[in-house]
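Colleague: I'm new to reading protein structures. Could you walk me through some features one at a time?

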Amino acid sequence: MNNWFLIMSTVTLVLASSYFIYFLEPETFVSPFEGLWWTMTTVTTVGYGDISPVTVPGKIFAMFLYIVGIGLMTIFIGKAIDFLSIRKRLKEEGKLDVTFEDHIILINWTKKARITLEEILRTFQDVRIVIIDESEEKAPLLHEQVEFVKGNPANQDVLMQANLLKSKSVMIFSPQDTTISSQADGQTLLIATILEGIGKEYNQNIYTICEVTESKHIQAFKNVSVEEYITPNDTVGNLAARSILFNGSSEIIRQLTSNQGFDLYCINKQSNWVTYEDAKRDLSEQGALLLSDGKDLSIMNHLDRKIPEETKLFIICDEDVYHKVIR
């Protein structure tokens, strides 16, 4: 049975029955709404019994409704349950289009992607995330804030299924199914190039962050206008060297990246801040440390400069101070 025909038939039967029983017994069913109440309790087999037909025509119509209405409503409810079950299965299999906006897209499901996702979910309660992966058969993580799209992330249709153009940012993780860094970075670069092409086609900037296994490959990513790069291999080596030279430095970094106590936050410029010195002083009084203006750490050497209106300032503080600052 056609689903739309079933819906229209059910709605028509319920509404028509509501008015028809009201027409048959206006003294018993004082309004069409009373007829609707009785019809719904009848066809759903609830049967409260607080109101019922008392005339022969009314009882005959009730018997008709028992046979036809209950059968039709049972089919309707069964179809609705089937629809929800199918939709749930398609969602888990990553076959549904993403409809929400201002979300984060994580490409390639790896161990680092899982850690990143768990950190985002732990820190932000209202951020929506879409995972794109080709190897996973079902959604790797079931969460109300997380959607899954199965497919090749180098395929434009798959990216558009994830509502790419309405996303906030895209993080491409280095694939873990290859041990050769040049191959891993090559696959990541391919996806980044496709993202740039889509951005140019629709005249829209797609903020892209890439995990790069070798820093010598960064220039290739710069050529396709990737905004940020994460080089975990180099970072580990540099952090180890500084920990040896400056004992305790690695613990500072660990705390800032483990959501324990003090953390790194991004805030907007406040109206009473004219220069970076104003921001630094005000934040310090509240218990926060001004770190940078976006990626620019040199502001500490130029505190007398005016702060641009649309700037994003990075600060270090605990969660309570952060909420106090943004209020």
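Colleague: How many bridges join strand 8 to strand 9, and do they run parallel or antiparallel?

Modeller: Here's the general idea: strands of a sheet pair through backbone hydrogen bonds, either parallel or antiparallel. In this predicted model, strand 8 and strand 9 (residues 312–317) run antiparallel and are joined by four bridges. To find your place, look at D293, which stands opposite L313 in strand 9.

Colleague: What order do the three strands of the open sheet come in?

Modeller: The order is 7-9-8, with antiparallel pairing. Strand 7 and strand 8 (289–293) are the edge strands, as each pairs on one side only. Ignoring direction, neighbouring strands here are turned by 30° against each other on average.

Colleague: Which strands does helix 10 lie across?

Modeller: Helix 10 lies across strand 7, strand 8 and strand 9, and it runs at about 150° to strand 8. Helix 11 (residues 319–326) packs on the sheet too, touching strand 7 and strand 9. The direction of helix 11 makes about 0° with that of strand 7.

Colleague: Now a single residue. Where is K269 found, and is it buried or exposed?

Modeller: K269 is in the loop between strand 7 (263–268) and helix 10 (276–286). The cut-off for buried is under 20% relative accessible area, so K269, at 16%, counts as buried.

Colleague: What does the side chain of K269 reach?

Modeller: It reaches the backbone oxygen of W273 at 2.8 Å. There's also a polar contact of 3.5 Å between the side chains of K269 and E309. Leaving out residues up to four places away in sequence, K269 touches I307, P308, E309 and T311.

Colleague: What about a strand with parallel partners? Which strands are joined to strand 4 by bridges?

Modeller: Strand 1 (residues 104–107) runs parallel to strand 4, with four bridges joining them, and I104 stands opposite S169. Strand 5 (residues 208–211) is also parallel to strand 4, through three bridges; there, M171 stands opposite I209. Both faces of strand 4 (residues 169–172) are covered: S169 and M171 are buried on one side, V170 and I172 on the other.

Colleague: Last one: how do helix 2 and helix 3 cross?

Modeller: For two helices, check the distance and the angle between their axes. The axes of helix 2 (residues 32–43) and helix 3 (residues 56–92) come within 8 Å and cross at roughly 60°, and the two helices are therefore oblique to each other. Their crossing is right-handed. Among the residues that meet there are W38 and T42 in helix 2, and F61 and L65 in helix 3.

Note on methods: Residues numbered from 1 in each chain as written. Predicted model: local features only at pLDDT ≥ 70, side-chain atom pairs only at ≥ 80, totals over all residues. Heavy atoms only, no water. Buried < 20%, exposed > 50% of the residue type's maximum accessible area, 1.4 Å probe, protein only. Polar contact = N/O pair within 3.5 Å; in protein donor to acceptor, adjacent residues only side chain to side chain. Contact = heavy atoms within 4.5 Å. Pairing = 2+ DSSP bridges. Axes fitted to C-alpha atoms, helices over the stretch in contact; angles between N-to-C directions. Parallel < 35°, antiparallel > 145°, perpendicular 65-115°, else oblique. Left-handed = near helix turned anticlockwise from the far one by under 90°.
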